[in-house]
Amino acid sequence: MSGAAIVLMWEARAVEGRGGELLEWARARSAELSREPARRELLRAPQDRVLMMTWWPDASYGDDLPELPEPDAGLITRAVHRWRFEAVG
């Protein structure tokens, strides 16, 4: 897999009632990525879940791409879930 856009997905679930805080944390951390993605989307869902998607055109599946770190353990209910996809047009 090479030459296509790679999409990174990062999803975390906040401690109950702290979804807004996690959303703002993710927004701030996404502004600090070492490189700027071509596109980024920040989404929220029930149960205080936050999802960040970043698009990296012309990247290869195994490339070292900037991702959001793990939030402090006191802010989340479980480890962050991460997925990497190749856009297929």
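**Salt bridges, a strand residue and a cavity**

Let me start with Arg-39, which counts as partly exposed, at 41% relative accessibility. The model on the screen is predicted, and every value I give is computed from it.

Arg-39 has a charged partner. It forms a salt bridge with Glu-41, and their closest N and O atoms are 2.3 Å apart. Glu-41 is also partly exposed, at 27% relative accessibility. In general, side chains of opposite charge can pair when their charged atoms come close.

The next one joins Arg-40 to Glu-36, with 2.3 Å between the closest N and O atoms. Are these two residues buried or exposed? Arg-40 is partly exposed, with a relative accessible area of 26%. Glu-36 counts as exposed because its relative accessibility is 58%, and exposed means over 50%.

The last pair is Arg-84 and Glu-67, whose closest N and O atoms are 3.7 Å apart. Glu-67 is partly exposed, at 34% relative accessibility. The pair also belongs to a network, in which salt bridges that share partners join Glu-67, Glu-70, Arg-82 and Arg-84.

Now to Thr-54, which sits in strand 3. Thr-54 counts as buried because its relative accessibility is 5%, and the cut-off for buried is under 20%. What does the side chain of Thr-54 join through a polar contact? The partner is the side chain of Trp-56, at 2.9 Å. Leaving aside neighbours within four places in sequence, Thr-54 is in contact with Ile-6, Val-7, Leu-8, Leu-33, Pro-37, Arg-39 and Arg-40. That list includes Arg-39 and Arg-40, the two arginines from the salt bridges with Glu-41 and Glu-36.

Thr-54 and Glu-67 turn up again among the residues that line the largest cavity. How many cavities of 30 Å³ or more does the structure hold? It holds one. The volume of the largest cavity is about 70 Å³. Besides Thr-54 and Glu-67, its lining includes Leu-8, Met-9, Trp-10 and Leu-33. Strand 1, residues 4-13, and strand 3 each supply at least two lining residues, and strand 1 gives the most, with three. By type, the lining divides into seven nonpolar residues, one polar and one charged.

Definitions and conventions:
Residues numbered from 1 in each chain as written. Predicted model: local features only at pLDDT ≥ 70, side-chain atom pairs only at ≥ 80, totals over all residues. Heavy atoms only, no water. Salt bridge = Lys/Arg side-chain N within 4 Å of Asp/Glu carboxyl O. Buried < 20%, exposed > 50% of the residue type's maximum accessible area, 1.4 Å probe, protein only. Helix = DSSP H or I, 4+ residues; strand = E, 2+ residues; numbered from the N terminus. Polar contact = N/O pair within 3.5 Å; in protein donor to acceptor, adjacent residues only side chain to side chain. Contact = heavy atoms within 4.5 Å. 1 Å grid on protein atoms, 1.4 Å probe; cavity = no way out; pocket = protein on both sides within 12 Å on 5 of 7 lines; lining within 4 Å. Points joined across faces, edges and corners; volume = space filled by probe spheres on them. Nonpolar A, V, L, I, M, F, W, Y, C, P; charged D, E, K, R; others polar.
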